[in-house]
Amino acid sequence: LQLRIAQPVTLQEGTATRIIYSAAPTIDAALWEAGIRLMPGDRLSPPPGTPLFGPVTVQLTRARRLEITTQAGTFTWYSAAPTVGSALAEAGAALEGLDYSIPAEDEPLPADGKIRRVDVREVVQLNETPIPYEITYQPDDTLELDQLRILDPGQTGALLTRERIRYEDGIEVLRQAEGEYLARQPQNRVIGYGTKVVI
């Protein structure tokens with residue numbers, strides 16, 4: 001025969017405190033014997049499965065029903081997490097990079113249970129604006145009078161503008177210029193006109 005002495009388990013749930021006695025091997029088994037059912041998302045401290053060797057105080061936080069809205073859609077989740085960010089991480093929708101949530105990730109779970117996760121992506125775009133070249137003329141003594149020849153074809157310049165574009169849930173919400181620089185100087189086109197007199 002093996003004799004197990006029932007141990008007192010002080011259960012704190014919110015502002016209510018209750019003492020139960022159990023000889024069960026673990027905390028969750030003791031709660032089960034007392035008719036206290038753990039639901040998905042409930043938070044138990046110490047965690048379920050902790051051996052019951054002596055008097056222990058257990059904190060039970062019941063999970064709340066949450067409606068989490070993401071870019072992909074809305075789904076239901078049950079969580080007893082202390083903050084919005086923790087609940088999103090448990091639901092597999094953790095915030096990354098510039099992502100944010102409404103309410104903010106460090107706030108407690110909202111009373112209405114509605115959380116919106118906003119996926120944020122920023123893209124840096126370079127826009128090129130051509131700078132036209134000018135046409136200049138210069139005398140060419142190897143050409144006969146009234147004849148023209150292109151001595152230098154010239155080249156258009158390029159002005160690059162750096163632009164940051166912000167997308168939230170795939171929708172553009174901000175476009176901001178961050179500066180510009182001259183990537184290529186324009187080169188003038190040179191046309192020679194003949195000055196050679198042929199008798």
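Student: What is the order of the strands in the open sheet of 3 strands?

Tutor: The order is β10-β14-β11, and the pairing is mixed. Strands here are DSSP runs of E with at least two residues, while helices are runs of H or I with at least four residues, and both are numbered from the N terminus. Two strands pair if DSSP finds at least two bridges between them. Before we go on, please keep in mind that this is a predicted model, in which local features need pLDDT of at least 70 and side-chain atom pairs count only at pLDDT 80 or more, whereas totals for chains, interfaces and linings use all residues. Residues are numbered from 1 along each chain as its sequence is written, and side-chain values use heavy atoms, with hydrogens and water left out.

Student: Which strands stand at the edges?

Tutor: Those are β10 (135-144) and β11 (148-152); each has a single partner strand, so one side of each is left without a neighbour in the sheet.

Student: And in which sense do β11 and β14 pair?

Tutor: β11 and β14, which covers residues 189-196, pair in the antiparallel sense over 4 bridges. Within this pairing, Arg-149 has Gly-192 of β14 as its bridge partner.

Student: Where does Asp-146 lie?

Tutor: Asp-146 lies in the loop between β10 and β11, and although it is not a glycine, it has a positive phi of about 65°. Most residues other than glycine have a negative phi.

Student: Is Asp-146 buried or exposed?

Tutor: Asp-146 counts as exposed because its relative accessibility is 80%. Buried means under 20% relative accessible area, exposed means over 50%, and partly exposed is in between, using a 1.4 Å probe and protein chains only.

Student: What about Asp-169, buried or exposed?

Tutor: Asp-169 counts as buried, because its relative accessibility is 18%. Asp-169 also has a positive phi, of about 55°, and is found in the loop between β12 (157-168) and β13 (171-184).

Student: New topic: which residues touch the most other members of the largest nonpolar core?

Tutor: That core has 13 residues, and those touching the most other members include Val-9, Leu-11 and Ile-27. A nonpolar core is a set of buried Ala, Val, Leu, Ile, Met, Phe, Trp, Tyr and Cys residues joined through side-chain atoms within 4.5 Å. The elements that give two or more residues to this core are β1 (7-13), α1 (27-33) and β4 (56-61).
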